[in-house]
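Take a look at the sequence and the structure below. A short walk through them follows.

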Amino acid sequence: MNTLIAQIEKAKPLFEKISRNIYLQAIRDGFIASMPAVLFSSIFLLIAAVPNIFGFKWAPAHLALIMKPYNYTMGFLAVLVAGTTAKSLTDSVNRKLEKTNQINFLSTMLAAVCGLLLLAADPIKNGIANGLLGTRGLLTAFLAAFITVNIYKVCIKNNVTIRLPEEVPPNIAQVFKDVIPFALSILSLYGLDLIVRQTLGTNVAESVGKILAPLFSATDGYIGLAIVFGAYAFFWFVGIHGPSVVEPLIVAISYANIEANVKLVQAGMHADKILNPVTQTFIVTMGGTGATLVVPFMFMWLCKSKRNKVIGRASVVPTFFGVNEPILFGAPIVLNPIFFIPFVSAPIINVWIMKFFVDVLRMNSFSIILPWTTPAPIGIVMGTALAPLSFVLAITLILVDIAIYYPFVKVYDNQILEEELNDKVSDDLKEKVSEKFDTRKADAILEKSFDKQTKSNISKQTNVLVLCAGGGTSGLLANALTKAAKEYNVPVTAAAGSYGSHRDILPEYQLVILAPQVASNYEDIKIETDKLGIKLAKTEGGQYIKLTRDGKGALAFVQEQFEQKGE
């Protein structure tokens with residue numbers, strides 16, 4: 001196994017390069033920006049679907065009224081994502097353009113939305129096809145956004161624009177500056193639409209769906225599910241943020257499946273699509289990547305080692321809400337050969353059990369999207385609109401995951417217990433984690449004395465932004481910093497955010513800290529922070545967890561960033 005991990009580690013630079021690809025980032029960030037609409041729409045699905053469990057059915061007129069907000073949010077998801085994806089990609093492209101010659105993201109957003117409408121339209125006599133402006137049009141939305149931004153890039157970079165006298169106000173000049181790239185974008189997409197209609201007899205959105213239909217089916221099978229969700233855990237285990245690599249590749253399929261489940265439920269049919277965002281959140285990553293929901297409880301209640309008991313108690317609450325970095329790096333689980341088999345196999349077995357419940361026991365699959373911080377057992381029940389079998393599924397998964405992890409937890413606990421009884425600490429595993437996550441600075445930082453008698457060199461208000469992949473892990477450090485700052489009367493205020501949705505608020509902060517999941521984006525965001533004169537720091541696994549547990553150490557870390565000379 002160590003040999004296999006070593007081979008994957010050699011490919012780490014390639015996988016990190018893939019995860020930093022601006023097109024994959026644009027897809028991921030575009031969806032993050034659209035999530036408020038997705039979560040809002042799910043409220044009305046709950047109102048519409050839950051009463052059915054108790055034998056009550058809404059009258060058709062009332063049901064149409066309830067579902068109207070859903071239809072005009074989730075039903076137009078592709079339109080929203082076309083704009084947000086274009087905006088994200090524009091931001092990435094602008095980082096490499098001169099500050100005085102930037103692409104107008106509002107213009108690319110408008111062009112991408114208009115381009116999607118062209119590519120998803122029915123024959124002219126039928127007007128616009130709303131059915132292809134929702135999840136079925138997501139791939140077309142990405143296509144429209146990518147083509148649009150690249151045309152703008154070529155035009156702006158080469159000054160292909162309408163030039164006006166300097167006396168013209170900037171806001172008016174910007175309108176004319178955007179005319180040519182906007183026109184070229186729309187005409188290019190219109191040309192693509194005409195070609196596809198002539199050759200395939202239908203619009204682009206419909207054609208893309210038909211061409212990729214076999215892929216949709218394959219990923220929903222046992223082997224496809226194992227490959228997709230096994231990759232999530234495997235990459236994370238060797239120090240690569242798996243979702244950044246895998247998620248953008250399946251997001252269109254995933255959301256199309258959830259929409260298909262909604263329509264099947266509404267039609268009174270069996271919702272059978274397994275690969276969807278709710279399965280990923282509450283089945284595959286139950287408690288976080290590796291399906292670790294049960295692990296902190298096992299550390300806390302079953303382990304004899306004092307160290308493991310402490311780690312369990314410190315990790316149980318965050319993991320219950322889907323933030324499992326404390327147990328991942330605190331135990332550690334990542335890069336720990338003892339936990340390789342359960343960490344990779346538990347997510348796969350979980351999703352296979354889910355598929356068994358859907359295919360064999362005929363339980364409806366997920367049709368309601370909930371916030372990812374919802375505790376997994378609750379998410380399983382609510383995501384299936386309180387399906388009776390969902391209660392059985394939640395209990396089954398917990399018991400199965402306990403059975404999977406138990407022997408490995410006991411082996412690890414015996415190892416740590418022996419070290420404690422012999423008054424020795426093995427540094428071999430810590431060294432392995434340090435090699436991957438570079439945690440060597442952690443001890444030096446946490447050894448710094450930072451108490452009420454120590455004078456801080458931070459004398460004016462300092463705002464710190466902590467970024468992670470989804471805004472959950474970053475909250476641990478942001479909360480620790482804010483609490484410690486109040487206790488020691490230091491003018492520091494920290495906030496948590498998700499990478500990709502940070503760009504508009506960057507000017508409000510003096511320091512940005514990257515959590516381990518997004519540390520590989522350091523060079524990309526440094527271009528942005530350098531332009532604004534903002535300090536930037538990245539953290540590694542063990543270091544990050546230590547900082548979240550020690551407010552004094554976290555303040556010392558912030559202070560250290562301002563003591564360092566600019567690069």
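Helix H25 is largely enclosed by the rest of the structure, because 10 of its 13 residues are buried. This is a predicted model. The buried residues of H25 are Gly551, Gly553, Ala554, Leu555, Ala556, Phe557, Val558, Gln559, Glu560 and Gln561. Buried here means a relative accessible area under 20%.

The helix covers residues 551-563. How far apart are its end C-alpha atoms? They are 18 Å apart. At 1.5 Å a residue, the 13 residues should span 18 Å, so the two values agree. The start of H25 has a contact of its own. There, a side-chain oxygen of aspartate 550 comes to within 3.1 Å of the backbone nitrogen of lysine 552.

Now step back to the whole chain. It holds 25 helices and 4 strands. Of its 567 residues, 54% count as buried. Consider also the contacts between residues at least 6 apart in sequence. Of these, 77% join residues at least 24 apart.

Turn next to the strands. In general, strands of a sheet pair through backbone hydrogen bonds, either parallel or antiparallel. Which kind of pairing does the open sheet of 4 strands have? Its pairing is parallel, and the strand order is S2-S1-S3-S4. Strand S2 (492-498) and strand S4 (535-538) stand at the edges. Each has a single partner strand, so one side of each is left without a neighbour in the sheet. Neighbouring strands of this sheet are turned by 20° against each other on average, direction ignored.

Strand S1, residues 462-468, runs parallel to S2. How many bridges join S1 to S2? There are 7. Leucine 465 stands opposite alanine 495 in S2.

A helix also packs on this sheet: H23, residues 522-532. Helix H23 touches S1, S4 and strand S3 (511-514). The direction of H23 makes about 165° with that of S4.

How many disulfides does a search of the whole structure find? The search finds 0. Is cysteine 303 buried or exposed? Cysteine 303 has a relative accessible area of 2%, so it is buried. Cysteine 114 has 33% relative accessibility, and therefore counts as partly exposed. That class lies between the cut-offs of 20% and 50%.

Conventions. Residues numbered from 1 in each chain as written. Predicted model: local features only at pLDDT ≥ 70, side-chain atom pairs only at ≥ 80, totals over all residues. Heavy atoms only, no water. Helix = DSSP H or I, 4+ residues; strand = E, 2+ residues; numbered from the N terminus. Expected span 1.5 Å × (residues − 1). Buried < 20%, exposed > 50% of the residue type's maximum accessible area, 1.4 Å probe, protein only. Polar contact = N/O pair within 3.5 Å; in protein donor to acceptor, adjacent residues only side chain to side chain. Disulfide = S-S within 2.5 Å. Pairing = 2+ DSSP bridges. Axes fitted to C-alpha atoms, helices over the stretch in contact; angles between N-to-C directions. Contact = heavy atoms within 4.5 Å.
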